[in-house]
Amino acid sequence: MPSFLAGVRRLGVFAGAALVVTGAVASAACSSDPTSNIGLCSDYTPPATFDATTPAVSFSKDVMPIFKQSCAFSTCHGSNVGDANGVYLGDDAPRVHAAVLGVVASELPSMAFVVAGDPRASYLMRKMDGSQCALDAQCQGGSCQMSMPRGEDPLPLETRDVVRRWIAQGAKND
């Protein structure tokens, strides 16, 4: 029996060490550091139960408040001068709509920020879902950089789904 217990203790130490190493790798994989070469990328796809047609979404009433609350800061995408970090998402709804619909993303010239009717082909959704990393090989410099909002947890899925529905419903400026 003593050799059995010694074996269990050795296994326990090995298993504990494996958990620590696995945890460290998982932490590195979830890093938002765009310069890190370690990481796994999860390419988000809405579940089959997601209904893109209901409820109806309004750009001015539903989407713009999300942009104003989460994106339209002078240090992010709300600056009226300069490049607004690639895309303007400030207070001017017509200007925001013109800045995103069909406009090519500078980080990924093969993809527009918003493709009316196709959230999955819209770079904005990739950045909001944190799945832009699946496109790194195609991005300028080999990295599509960080997800949005930068340095924060992703917006709640319900919030992202409002934008996803707006795009799926034709990305109209209403």
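Trainee: Start with Cys 139 and Cys 144. Buried or exposed?
Mentor: Cys 139 is buried, and Cys 144 is buried too. Keep in mind that this is a predicted model.

Trainee: What do Cys 139 and Cys 144 form?
Mentor: A disulfide, with the sulfur atoms 1.8 Å apart. The link is right-handed, with 90° about the S-S bond.

Trainee: How many disulfides does the structure hold?
Mentor: It holds 2 disulfides. Cys 41 and Cys 133 are also joined by one, at 2.0 Å from S to S.

Trainee: What parts does the pair of Cys 41 and Cys 133 tie together?
Mentor: Two loops. Cys 41 sits in the loop between helix 1 (2-29) and helix 2 (59-70), and Cys 133 sits in the loop between helix 4 (123-129) and helix 5 (157-168), so the pair ties together parts 92 residues apart in sequence. The link of Cys 41 and Cys 133 is right-handed, with 85° about the S-S bond.

Trainee: And how accessible is Cys 41?
Mentor: Cys 41 is partly exposed, at 36% relative accessibility. Cys 133 is partly exposed as well, with a relative accessible area of 26%.

Trainee: What pattern do the disulfides follow?
Mentor: 1-2, 3-4, counting bonded cysteines along the chain.

Trainee: Switching to charges. How many salt bridges?
Mentor: The structure holds 6 salt bridges. One of them pairs Asp 43 with Arg 126, with the closest N and O atoms 3.1 Å apart. That pair links distant parts of the chain: Asp 43 is in the loop between helix 1 and helix 2, Arg 126 is in helix 4, and they are 83 residues apart.

Trainee: Is Arg 126 buried or exposed?
Mentor: Buried, with a relative accessible area of 8%.

Trainee: What does Asp 129 meet in a salt bridge?
Mentor: The side chain of Arg 164, at 2.7 Å from N to O. Asp 129 is in helix 4 and Arg 164 in helix 5, 35 residues apart, so to speak a link between distant parts of the chain. Both Asp 129 and Arg 164 are buried.

Trainee: Which other residue forms a salt bridge with Arg 164?
Mentor: Asp 161, with the closest N and O atoms 2.8 Å apart. Arg 164 and Asp 161 both lie in helix 5, 3 residues apart, about one turn of the helix. Both are buried.

Trainee: Which residues do the shared partners join into one network?
Mentor: Asp 129, Arg 160, Asp 161 and Arg 164.

Definitions and conventions
Residues are numbered from 1 along each chain as its sequence is written. This is a predicted model: local features need pLDDT of at least 70, side-chain atom pairs count only at pLDDT 80 or more; totals for chains, interfaces and linings use all residues. Side-chain values use heavy atoms; hydrogens and water are left out. A disulfide is a pair of cysteine sulfur atoms within 2.5 Å. Helices (H or I, at least four residues) and strands (E, at least two) are DSSP runs, numbered from the N terminus. Buried means under 20% relative accessible area, exposed over 50%, partly exposed in between (1.4 Å probe, protein chains only). A salt bridge is a side-chain nitrogen of Lys or Arg within 4 Å of a carboxyl oxygen of Asp or Glu.
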